[in-house]
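Trainee: I have a new model open and would like to learn how to read it. Could you take me through some features step by step?

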Amino acid sequence: MRIPPRITQGLAVSAMWVLASLTLGVLAFIIAYILWHGLPHVTWTFLTESPKAMGREGGVLPMILGTAWVTGLAVLIAAPIGVATAIYLTEYTREGRLTAVIRFGADCLAGIPSIIFGLFGFVFFVITLGMGLSIISGALTLTLMVLPTIIRTSEEAIRAVPQSFRDVSFGLGSTRWQMVTQVVLRSALPGIGTGIVLSIGRSISETAAVMLTAGSALGFPHTAFDSSRTLALHFYVLSREGLSMSNAYATASVLIIAILLVNLAAYWLMRRFVAKVA
Amino acid sequence: MTEPKNNDVAKEDARLMAEMLAQQPAPACPAGTAKIKVEDFSAFFDGAAVLRNISLEVCERERLAIIGPASSGKTTFLRSLNRLNDLAPNFSKTGRILLAGRDIYGPEVDVAALRRRIGMVYAVPVPLPWTIYENLTYGPRLAGVHSRSRLDALVESCLRSAFLWDEVKDRLNEPAANLSGGQQQRMCLARVLALEPEVLLLDEPCSGLDPISTAKIEDALAQLRSKYSIVLVTNNTKQAARASDRTAFFLMGELVECGPTAQVFTNPKHQRTSDYITGHFG
């Protein structure tokens, strides 16, 4: 029997609607569940004090700082390297074996579980280079982890800039470098920004890799060579060791809100930038 | 013993004469007025010839139209003149192109500076995703002009030359993409004029434009002719007839003929030119 097109259309739309709302629903449920259990414990003292009794009491200020340090350093190191690699791959080489190998390498890197990165970071940065369990070891490990994301998203963004813009720029007497910095990057910036925001999110929430490289010290980090515990790791330790579920949820709430704020800030900045440009 | 020597000289003279006759550039300018000399130029992509042995001159202050059917090499020729073909990895060429007597493919040539001297307008208007003002000042800023008053003056004079000033003088800080297609193309023309070039290359600049915008561009070109050498590639033979001083007809990568526009259109030397102009093919 033939189903009339109007019915199939209706069925398809409903199916997609149901599936889409299911996805969003699960996401909303998780966030709501954590905030429901955590937010009541997120007080001013929780945000501004050091943990006491292994985190059963007190706050998470050192973890907030540690997270900011590790994430900030990682992205600060990874972004220039990643964007430069993407520019090299798209604007300065012809497609060939070398670009294929670099791209393949980046894709492989993206698929490696974070615990492997952690192990590598532990062996290489912590032990071999003697950096110890420290913010810098953690940040460098995360750099390796987010690099493929930044390379590939930047590459896509740069590729999306129309070829005609490049022709125009060359036609107006620009060098390749001027064309890249003034035309291509300016147009690709929103896409590159998206990649960087994604890697900030990934860095903030990374647990396994930082546990093995940044350590889990509870004290205030003073320099990049101090060990520090990130929010995600703190949450893991609190729940895993059963120290305090309410503080674990509170930590998770702070984490989620931090990610949300970073995303909002990034999108706001990008919007402002795009509005100024286009 | 002087006899044989004289003989040698005479032979050598005759050989040189024959050589000169053989490569007599088809369409030469009056002595001393050639801006661009193309000498026996061939262009290849992946080794396949797209242009074959073109010899052609572009004179000072003239509008040279290049006509010919699709894939006759018109655009490749144009892009050879400002070395845009260099960007294609599979491009190669033989022969020479001289701008004011100097080989533009010479080893010491600064390609960016060359492209400022030979400005190009493309078939499709491509406003960069910035404001009108930024579009117009991009070229001059690349060339090192940063004085605001100098840039302002440049913007106004170029927009006036492109017959666009009155339409956009109050919206210079609006995105260039907001302009209509015809306005965008005139802005692209103004953007090239802001380079203060010596030669203007236009690659089917009116192919997507309405008749009124086309007329405005043609009017602008008629005035610009007093300052620049203009090479206009067009698919529209009527436009070539209206808006050029000389016309060159390209076919399958070869220059069939080149001469004063009136002569090419009323009394072409070659049957193929006549067939193309009268619409028998192409």
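Mentor: Gladly! A residue is buried if 20 or more other C-beta atoms lie within 10 Å of its own, exposed if 12 or fewer, and partly exposed in between, with C-beta atoms placed from the backbone. By that count, 39% of the 278 residues of chain A are buried. This is a predicted model, where local features need pLDDT of at least 70 and side-chain atom pairs count only at pLDDT 80 or more, while totals for chains, interfaces and linings use all residues. Residues are numbered from 1 along each chain as its sequence is written, and chains are lettered from A and ligands numbered from 1 in the order in which they are written.

Trainee: How many helices and strands does chain A have?

Mentor: Helices (H or I, at least four residues) and strands (E, at least two) are DSSP runs, numbered from the N terminus. Chain A has 11 helices and 2 strands, in the sequence pattern α-α-β-β-α-α-α-α-α-α-α-α-α. Its C-alpha trace spans about 65 × 65 × 40 Å along the principal axes.

Trainee: How do I describe two helices that pack together?

Mentor: Two packed helices are described by the angle between their axes and the distance between the axes. Axes are lines fitted to C-alpha atoms, for helices over the stretch in contact, and angles run from 0 to 180 degrees between N-to-C directions. In chain A, helix H3 (residues 61–92) and helix H6 (residues 135–159) pack at about 40 degrees, with axes 6 Å apart. That angle makes H3(A) oblique to H6(A); angles under 35 degrees count as roughly parallel, over 145 as roughly antiparallel, 65 to 115 as roughly perpendicular and the rest as oblique.

Trainee: Which kinds of residues make up the contact of H3(A) with H6(A)?

Mentor: There are 21 nonpolar, 7 polar and 2 charged residues in it. Here Ala, Val, Leu, Ile, Met, Phe, Trp, Tyr, Cys and Pro count as nonpolar, Asp, Glu, Lys and Arg as charged, and the others, Gly among them, as polar.

Trainee: How many residues of chain B are in contact with chain A?

Mentor: Two residues are in contact if their C-beta atoms, placed from the backbone, lie within 7 Å. On that basis, 22 residues of chain B are in contact with 16 residues of chain A. H3(B) gives the largest share of the chain B side, 4 residues. That side divides into 17 nonpolar, 2 polar and 3 charged residues.

Trainee: What is the strand order in the open sheet of chain B?

Mentor: Two strands pair if DSSP finds at least two bridges between them. The open sheet has 6 strands in the order E6-E7-E8-E3-E9-E10 (chain B), with mixed pairing. E6 (118–121) and E10 (254–260) of chain B are at the edges with a single partner strand each, so one side of each has no neighbour in the sheet. Within the sheet, E3 (residues 63–67) and E9 (residues 246–251) of chain B pair in the parallel sense over 4 bridges, and B:Ile66 stands opposite B:Ala248 in E9(B).

Trainee: What should I look for in backbone angles?

Mentor: Most residues other than glycine have a negative phi. B:Arg83, not a glycine, has a positive phi of about 60 degrees and sits in the loop between H2 and strand E4 (91–99) of chain B.

Trainee: Is B:Arg83 buried or exposed?

Mentor: B:Arg83 is buried, because 20 other C-beta atoms lie within 10 Å. B:Glu204 also has a positive phi, near 45 degrees, in the loop between E7 and helix H8 (211–224) of chain B. B:Glu204 is buried, with 21 other C-beta atoms within 10 Å.
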